[in-house]
Number of protein chains: 2
Amino acid sequence: MSLLVVGSVALDDIEAPAGSVKSVLGGAASYCAIAASYFVRAQVVGVTGDDFPQEHLEFLAARGIDLAGVTRAKGRTFRWGGRYHSSLNQRETLFTDLGVFEHFDPVLPPEYLDASFVFLANIHPKLQRGVLEQARAPRFSAMDTMNFWIEGERAELEKTLSRVAGLVINDEEARQLTGVSNLVRAADAIRALGPTTVIVKRGEHGALLFDEAGVFAAPAFPLREVQDPTGAGDSFAGGFMGALASGGSLSADALRRAVIYGSVLASFCVERFSLDRFRTLTRDEIDDRFEQFRRLTRF
Amino acid sequence: MSLLVVGSVALDDIEAPAGSVKSVLGGAASYCAIAASYFVRAQVVGVTGDDFPQEHLEFLAARGIDLAGVTRAKGRTFRWGGRYHSSLNQRETLFTDLGVFEHFDPVLPPEYLDASFVFLANIHPKLQRGVLEQARAPRFSAMDTMNFWIEGERAELEKTLSRVAGLVINDEEARQLTGVSNLVRAADAIRALGPTTVIVKRGEHGALLFDEAGVFAAPAFPLREVQDPTGAGDSFAGGFMGALASGGSLSADALRRAVIYGSVLASFCVERFSLDRFRTLTRDEIDDRFEQFRRLTRF
């Protein structure tokens, strides 16, 4: 099975209590693809500027990620700057410089057209739909979105939502999208828009899965130290989609195990800045933490 | 086994999106004892004013709660008023009128002195310690506390903490008590003060148990409707302590099951205002929801 991921490839400046880094590898597609790369071959559609360091592409390629769909355009790579305060729960965006990402129009290379699993990271909902229209017959497609599109592009967003099987968003976005404060009822309202599988990410509080079989609650892994929460949600999505795609099943059990794998990948992601934890992370460590999740939740 | 509970018996005014109620039964000891009453005989030590309605005492007694330790003093019952906004996560205290609770000095009736399990709800840490000094040989004692004592009575609080086996507090209090933002390290710091079992309550995000065996994460039950979050934490403590006391074991498994029972009782508590849900709640409903917790967390 292969997993197609479309989204941003970026350079980030991060300020956090554990330190500050500048111009490090970031972007939703980068985090998602690298998390998925422990389970399947991830095919990325994205764009970088001509200032994007070759070493970042080499790092991703070394994890077996297919970068045929990542184009290099004239101009600056998408850059984002964020600051975390001591609680690490809330972040402040310092700047967003879209660069070449502003005119991103995802085109799937021919060898991506038969992708069986598709994840549409947070980009304009019209572009997300464009990817779905190119993909020939994905077995399972899921998407993320953000407050900017919920506020400004609701009609486009609802059109795209009606075409995906899964939505992976955070709790605030779920409430904003539906106008419903209670998450169980917000998930009902989202499922009425199309996606049968809704995952609500709650940061350090874990994630809730709502599907045909009911509700499933996954805790976040209790970590002693978090260096950089950036990319946790995208790593979650990558681990979730990768695990699903590698198993091939869409059963309730498979979805639940995939949510735990998503939580595992997110938990590793935040241990270091940028994608650095993935430079050394092994599949054995992932499976070991999966088992630790059993001990964490078993009664 | 019996469970001794010391704490407030109160009359509450509550404003919430689902409605407003005035002068309803409240207080940490009331919530804790009624939740525990599904598992064991709860013995309450508390005080009411001479304005306290007899019907509330009859309601508690009808659940098999021993009220021999609840004295009736001349003056007003402790009254508290709170307001919840649409998210239900944060509340505003409208007033606190201590009344006779200001001079509360818990004295255990002779038949309470052999209580095997003791829960010290949130009162002055010196009074909590006074109860521990009266109890002959409890097998397991746990306590709650609040920001007011953490700020103003730290020395007394630490003395009391060094004498209990368990602490049940919320996440903000855990951080405030230790000055540590990371909850895993905050729990380490609390355990260094005395309690080997630390439970951090996180409201709608569930609870974390830290003990000799490691960490255990319990989700909150995903409810479609919450009328009144008041007393959820005390109901959690009552369900936890009651389940522990009824089983008699302090094994890691028993502690984990007790945390789930605590979560079950908290989830029922918030379905109605005041202690009203407990007017109809049955043990069968509790055990049924306990099984729903298995489905909610199994992977």
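Here are a few exercises, each with a worked solution, on a predicted model with chains A and B.

**Exercise 1. Work out how chain A is built overall, and whether its radius of gyration agrees with that of a compact globule.**

Chain A has 10 helices and 13 strands.

Step two: look at the extent. Along the principal axes, the C-alpha atoms of chain A fill a box of roughly 50 × 45 × 35 Å.

A compact globule of 299 residues would have a radius of gyration near 19 Å, and chain A comes out at 18 Å, so the two agree.

Step four: check the inside. Of the 299 residues in chain A, 53% are buried. Now take the contacts between residues at least 6 apart in sequence: 67% of these join residues at least 24 apart.

**Exercise 2. Find out how many residues of helix α1 of chain A are buried, and which ones they are.**

Start with the helix itself, which spans residues 28-36. Count next: 9 of its 9 residues are buried, so to speak a mostly covered helix. Then read off the names: A:Ala28, A:Ala29, A:Ser30, A:Tyr31, A:Cys32, A:Ala33, A:Ile34, A:Ala35 and A:Ala36.

**Exercise 3. Describe how α6 and α7 of chain A pack.**

First, a bit of background: two packed helices are described by the angle between their axes and the distance between the axes.

Next, get those values. α6(A) covers residues 171-178 and α7(A) covers residues 183-191; their axes come within 9 Å and cross at roughly 60 degrees. The two helices are therefore oblique to each other. As for handedness, α6(A) passes α7(A) in a left-handed crossing.

Now list who makes the contact. From α6(A) come A:Asp171, A:Ala174, A:Arg175, A:Leu177 and A:Thr178, while α7(A) brings A:Leu183, A:Ala186, A:Ala187, A:Ala189 and A:Ile190. Sorted by class, that gives 7 nonpolar, 1 polar and 2 charged residues.

**Exercise 4. Decide how exposed B:Gln176 is, and say what it touches.**

Locate the residue: B:Gln176 sits in helix α6 of chain B, residues 171-178.

Look for partners: leaving out residues up to four places away in sequence, B:Gln176 touches B:Asn147 and B:Ile150. For contrast, take B:Val21: it is 155 residues from B:Gln176 in sequence, and the two lie 32 Å apart, C-alpha to C-alpha.

**Exercise 5. Characterise the side of chain B that touches chain A.**

Count first: 26 residues of chain B are in contact with 26 residues of chain A.

Then find the contributors. α7 (183-191), β13 (214-218), α9 (252-269) and α10 (283-297) of chain B each supply at least two residues. The largest share, 4 residues, comes from β13(B).

Finish with the classes: chain B's side has 12 nonpolar, 7 polar and 7 charged residues.

How values were computed. Residues are numbered from 1 along each chain as its sequence is written. Chains are lettered from A and ligands numbered from 1 in the order in which they are written. This is a predicted model: local features need pLDDT of at least 70, side-chain atom pairs count only at pLDDT 80 or more; totals for chains, interfaces and linings use all residues. Two residues are in contact if their C-beta atoms, placed from the backbone, lie within 7 Å. Ala, Val, Leu, Ile, Met, Phe, Trp, Tyr, Cys and Pro count as nonpolar, Asp, Glu, Lys and Arg as charged, and the others, Gly among them, as polar. Axes are lines fitted to C-alpha atoms, for helices over the stretch in contact, and angles run from 0 to 180 degrees between N-to-C directions. Angles under 35 degrees count as roughly parallel, over 145 as roughly antiparallel, 65 to 115 as roughly perpendicular and the rest as oblique. A crossing is left-handed if the near helix is turned anticlockwise from the far one by less than a right angle, and right-handed if clockwise. The radius of gyration is taken over C-alpha atoms; the globule rule is 2.2 Å times the number of residues to the power 0.38. A residue is buried if 20 or more other C-beta atoms lie within 10 Å of its own, exposed if 12 or fewer, and partly exposed in between; C-beta atoms are placed from the backbone.
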